[in-house]
There are 2 protein chains.
Amino acid sequence: MAKDFSTRKENYSQWYNDIVIKADLAETSSVRGCMVIKPYGYAIWEKIQAELDKMFKATGHSNAYFPIFIPKSFFSKEASHVEGFAKECAVVTHYRLKNSPDGKGVIVDEDAKLEEELIVRPTSETIIWDSFRNWIHSYRDLPLLINQWANIVRWEMRTRLFLRTAEFLWQEGHTAHATKEEAIEETEKMLNVYADFAENWMAMPVIKGVKSENERFAGALDTYCIEAMMQDGKALQAGTSHFLGQNFAKAFDVKFASKEGTLDYVWATSWGVSTRLIGALVMAHSDDNGLVLPPKLAPIQVVIIPIYKNADQLKEVTEKVLPMKKAIESRGISVKYDDRDTYKPGWKFNEYEFKGVPIRIAIGPRDIEQGTVEIARRDTLEKAVYQQIDIEHKIENLLSQIQDNLYQKALSFRELNTHKANTWEEFKDLIENKGGFVYAHWDGTKETEDAIKNETKATIRCIPFNNPLEDGKCILTGKPSIQRAIFARAY
Amino acid sequence: MAKDFSTRKENYSQWYNDIVIKADLAETSSVRGCMVIKPYGYAIWEKIQAELDKMFKATGHSNAYFPIFIPKSFFSKEASHVEGFAKECAVVTHYRLKNSPDGKGVIVDEDAKLEEELIVRPTSETIIWDSFRNWIHSYRDLPLLINQWANIVRWEMRTRLFLRTAEFLWQEGHTAHATKEEAIEETEKMLNVYADFAENWMAMPVIKGVKSENERFAGALDTYCIEAMMQDGKALQAGTSHFLGQNFAKAFDVKFASKEGTLDYVWATSWGVSTRLIGALVMAHSDDNGLVLPPKLAPIQVVIIPIYKNADQLKEVTEKVLPMKKAIESRGISVKYDDRDTYKPGWKFNEYEFKGVPIRIAIGPRDIEQGTVEIARRDTLEKAVYQQIDIEHKIENLLSQIQDNLYQKALSFRELNTHKANTWEEFKDLIENKGGFVYAHWDGTKETEDAIKNETKATIRCIPFNNPLEDGKCILTGKPSIQRAIFARAY
């Protein structure tokens with residue numbers, strides 16, 4: 001299988017695409033820029049969803065569902081939001097088709113033109129705040145902590161499976177609070193939830209920080225983000241949490257009666273992660289043998305493959321495997337026993353290796369004689385012979401080791417590819433020839449950030465939280481700076 | 001709360017709407033025909049989803065996700081499908097907005113017109129079969145058992161919350177098989193899954209049967225359905241399962257190499273249920289005091305309300321409640337302890353009664369002295385005093401009794417409102433004056449069914465499976481008939 005498949009060195013971008021396609025995660029569809037998420041890819045999304053949903057509920061949030069369509073005029077209500085979101089989007093103008101006069105199919109019925117066009121949601125702040133106006137009257141209705149799992153459409157020109165598609169799946173949290181402090185606390189809390197998920201479930205180290213004005217969400221006062229490093233040294237924004245101030249409350253006239261009897265605008269946050277995380281997962285851990293999945297998000301955590309020459313041997317192996325499978329499953333581990341007769345063991349080994357199944361167990365007649373199994377780890381590709389006794393605990397430990405190892409490996413990679421630049425020449429050289437994250441001083445202006453981007457394609461990924469203050473000079477303009485920002489080329 | 005709320009007798013339709021709105025299940029949005037599903041309503045949907053998803057997976061299905069947009073031309077590929085689905089739908093014609101010249105908002109950018117219009121999916125057979133063509137090559141790829149959880153848009157003219165909205169949420173199963181027999185078996189299997197869910201989770205008895213040609217899904221050879229009776233005697237179709245024959249395989253050229261080496265078109269099914277089920281749930285069980293929920297789908301199964309006069313008493317009650325709550329939760333039961341100081345017990349009693357929480361526990365200082373609690377059942381509105389000892393088992397039993405009682409009550413209601421008509425006069429009288437299900441002979445033609453519908457607004461809900469054969473004469477035409485169909489007015 002690896003033969004018709006690019007390595008990272010040969011062509012990183014092709015390597016990514018090959019994994020997504022050949023590991024059956026997703027494919028392009030007949031609709032420009034829209035992907036089909038195939039069952040194996042969707043199973044990863046279900047694991048991501050289930051865990052995040054638990055985390056959101058544990059922090060007091062409830063799910064709800066709002067319309068997919070947004071009246072065009074809603075976008076104009078918040079001045080900076082319209083600039084950011086009401087541009088490249090799918091516009092519904094009619095509500096009926098009719099038979100074409102030539103009898104060959106259907107055409108748009110011009111009599112069924114909408115009075116006001118509807119936009120397929122590129123994000124839902126406007127339609128949700130339009131509802132919140134009716135939900136919020138007094139301080140007793142606050143905080144209002146809502147999340148929505150939904151599909152989103154942004155008419156991206158250059159698309160890549162999972163990373164940037166015209167339609168994608170996501171969750172969007174939208175909360176309303178009585179005070180500014182509480183809203184900022186919520187913004188931070190949800191960024192920490194994302195960071196926790198990225199590091200402890202995706203095994204992907206992230207840097208938490210705040211966006212510069214250029215990269216801020218349209219309509220937010222502040223955008224917090226988690227940034228991860230991919231294996232080509234490029235940054236990937238894996239989640240954002242926005243402090244929206246009172247912008248949307250003012251745009252949609254959402255006020256509440258405070259305990260003291262005053263009538264005030266509420267304070268807002270929004271935050272989201274999307275199916276893009278699957279792209280991040282692929283790029284963070286996979287290797288030249290295919291997909292590598294962290295055990296906690298692998299749809300199949302353990303595959304058992306029988307080695308046999310005839311039906312009798314298969315029967316003998318199966319009798320041994322079934323209780324072993326049950327014992328492992330009793331630890332909450334998902335196990336697939338692939339006893340298909342239509343494929344040979346070698347083919348199956350390749351298949352599951354390519355699909356990133358964390359642990360492969362092979363067992364044949366000789367193992368049965370000796371009370372052993374052969375275990376292969378996907379992360380290190382190491383093979384070892386284990387005694388069958390107490391196999392469930394060994395597997396449990398091994399999965400936990402693999403999870404840790406993937407995280408440590410990604411962390412080491414990031415550290416190895418993180419540099420400081422003190423001069424413009426040094427900066428350009430690092431960005432161009434080494435890639436990765438570059439910590440550099442910057443004068444804090446939009447203009448300088450734009451100039452740096454135009455020359456190097458690097459953007460400010462974030463100004464990390466708890467950044468040490470350090471006097472320095474902007475790498476481009478030489479103006480004074482009090483701290484370094486992280487620059488990188490990004491997805 | 002009940003005062004500004006209609007009874008079933010006064011105005012059934014208003015009663016339904018009042019429950020949906022006042023129990024906080026859903027509301028209309030600023031977008032014509034689209035609803036907002038509020039957290040309490042969405043929590044019911046999450047319970048429905050979780051259980052059905054488990055059932056689908058237990059029967060071998062995997063989830064996947066396909067584009068929300070369907071190229072207009074796809075609808076014309078299957079002749080009868082285009083008639084049924086490519087009419088009242090949302091049509092995307094443009095992919096960009098721009099700033100309006102007067103600076104007041106955004107307008108559609110006429111330069112960004114799509115070459116081919118995209119339809120927001122009203123159902124996904126076409127876009128899914130367009131993918132299946134690439135997924136299916138040989139018999140080894142079959143059966144292909146896929147389900148999708150998604151939003152759907154049908155431009156309905158008259159909308160009602162949950163029952164008929166322009167956008168709704170649903171699941172749609174799409175499967176491909178090597179043989180006709182296997183596809184028919186799948187169609188039946190999934191109808192049985194729906195019936196099992198309706199009866200054992202929703203506590204709603206259903207009749208399984210086959211649709212007449214008039215009511216068949218556009219593109220299907222046969223449509224199976226489950227039909228339930230609402231409290232106004234009208235029928236509600238709660239789920240459908242379609243045998244599609246080779247129609248979509250032929251329309252999208254999906255063939256497979258059989259074991260014997262021939263190249264054949266595959267056989268298909270599709271099946272779905274939607275957020276409409278929440279409407280059915282409301283109408284099947286609720287009463288003039290508000291929502292009544294079957295315990296298995298209630299977001300909150302038990303609410304505990306403290307009775308107290310001062311902070312000391314609340315503290316004392318709370319100390320008693322917390323271990324009780326824990327004990328009940330240990331049985332997998334969801335419990336809410338409402339110790340809010342902003343509302344009085346009487347207000348809370350009304351609130352949870354209206355919201356259909358199956359069991360209410362009240363506990364005050366006198367209960368603590370006597371080791372008792374007061375328990376109220378939502379279904380019968382009965383109150384009784386219970387000893388605290390072993391409360392978790394008592395609650396568990398009570399929930400199970402409530403679940404059974406709701407089912408039995410709905411079943412008795414259906415039986416009481418099911419009649420046979422042998423003449424046209426009798427039929428018209430039953431439909432007009434009694435409502436409910438009417439078993440009547442029919443000559444099997446579309447024309448007669450149309451004529452009956454035009455005169456009485458009653459349609460054939462289904463021809464029940466295992467219908468006894470019985471010689472008779474069509475109520476309208478007098479032509480010979482071999483079995484009765486079920487007629488009713490329907491949602």
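What pLDDT does chain A average? Chain A averages 96, and 99% of the residues score at least 70; pLDDT is the predictor's confidence in each residue, from 0 to 100.

## About the model

This is a predicted model, in which local features need pLDDT of at least 70, side-chain atom pairs count only at pLDDT 80 or more, and totals for chains, interfaces and linings use all residues. Residues are numbered from 1 along each chain as its sequence is written, while chains are lettered from A and ligands numbered from 1 in the order in which they are written. The model scores ipTM 0.96 and pTM 0.97.

## Where the chains meet

Let's look at the contact. Chain B gives 50 residues and chain A gives 51 residues, with two residues in contact if their C-beta atoms, placed from the backbone, lie within 7 Å. On the side of chain B, the largest share, four residues, comes from strand S5 (residues 91-94). Strands (E, at least two residues) and helices (H or I, at least four) are DSSP runs, numbered from the N terminus.

Strand S5 (residues 91-94) of chain A runs antiparallel to S5(B), joined by three bridges; strands pair if DSSP finds at least two bridges between them. Here A:Val91 stands opposite B:His94.

## A helix in chain A

Now for helix H12 (residues 391-416) of chain A. At 1.5 Å a residue, its 26 residues should span 38 Å, and its end C-alpha atoms are 37 Å apart, which agrees; the expected span is 1.5 Å times one less than the number of residues.

Buried residues in H12(A) include A:Ile395, A:Leu399 and A:Ile402, where buried means that 20 or more other C-beta atoms, placed from the backbone, lie within 10 Å of a residue's own.

Key: A residue is buried if 20 or more other C-beta atoms lie within 10 Å of its own, exposed if 12 or fewer, and partly exposed in between; C-beta atoms are placed from the backbone.
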